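Please keep the sequence and the structure in view while reading.

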Amino acid sequence: APVHYYEANRLAPLYFQNDGGVWYWYRADGTRLEETGLTPDQMKSGQNMFVVEAFIDNSGNRVFIVYGYGWKGTFAAGLFFKSVIYPDISSYSNSWYVYRWNDSNKDGFVDLSEIVSTPVVQG
């Protein structure tokens, strides 16, 4: 519910939306991030993306959000945050990052080594 609130009111830097059967992240100003597009077939084949974002809301609360397209993307987000970002958090100076996960071993589960460590897009 809090993520929905922040996204629906365009308080979060990014929000996601289905556009013609393709999932995308959009900037709060409505700009579609083309690089983040994924179809249901791509997700079924073991691809996913997730967002990591931090901002201060209108009440001065520090807000941190990590989640993906579905549970696998969300699991990847938590795993990547815990293992990669948090230990070196001071080097992450942007407000948001979008990363990609590819199930390269086709076991249907997220492995840290399958997460591409270079952001798809950031800002």
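## Helix α3

Helix α3 (residues 70–85) has 16 residues and spans 21 Å from its first C-alpha to its last, which is close to the 22 Å expected at 1.5 Å a residue, where the expected span is 1.5 Å times one less than the number of residues. Helices (H or I, at least four residues) and strands (E, at least two) are DSSP runs, numbered from the N terminus.

This is a predicted model, in which local features need pLDDT of at least 70 and side-chain atom pairs count only at pLDDT 80 or more, while totals for chains, interfaces and linings use all residues. Residues are numbered from 1 along each chain as its sequence is written, and side-chain values use heavy atoms, with hydrogens and water left out.

Among the buried residues of α3 are Gly73, Ala76, Ala77 and Phe80, where buried means under 20% relative accessible area, exposed over 50% and partly exposed in between (1.4 Å probe, protein chains only). The cover over the buried residues of α3 includes β4, β5, β6 and β7 (115–122).

## Strand β4 and its partners

In strand β4, 8 of the 10 residues are buried. β4 pairs with strand β6 (residues 96–102) in the antiparallel sense over 7 bridges, and pairing requires that DSSP finds at least two bridges between the strands. Val51 has Val98 as its bridge partner in β6.

β4 is also joined to strand β5 (residues 62–68) by 7 bridges, again antiparallel, and these two strands form a hairpin with 5 residues between them.

## Residue Gln47

Gln47 lies in β4 (residues 47–56), and it touches residues including Leu38 and Trp101, contact meaning heavy atoms within 4.5 Å.

Conventions
Lists of a residue's contacts leave out its neighbours within four places in sequence.
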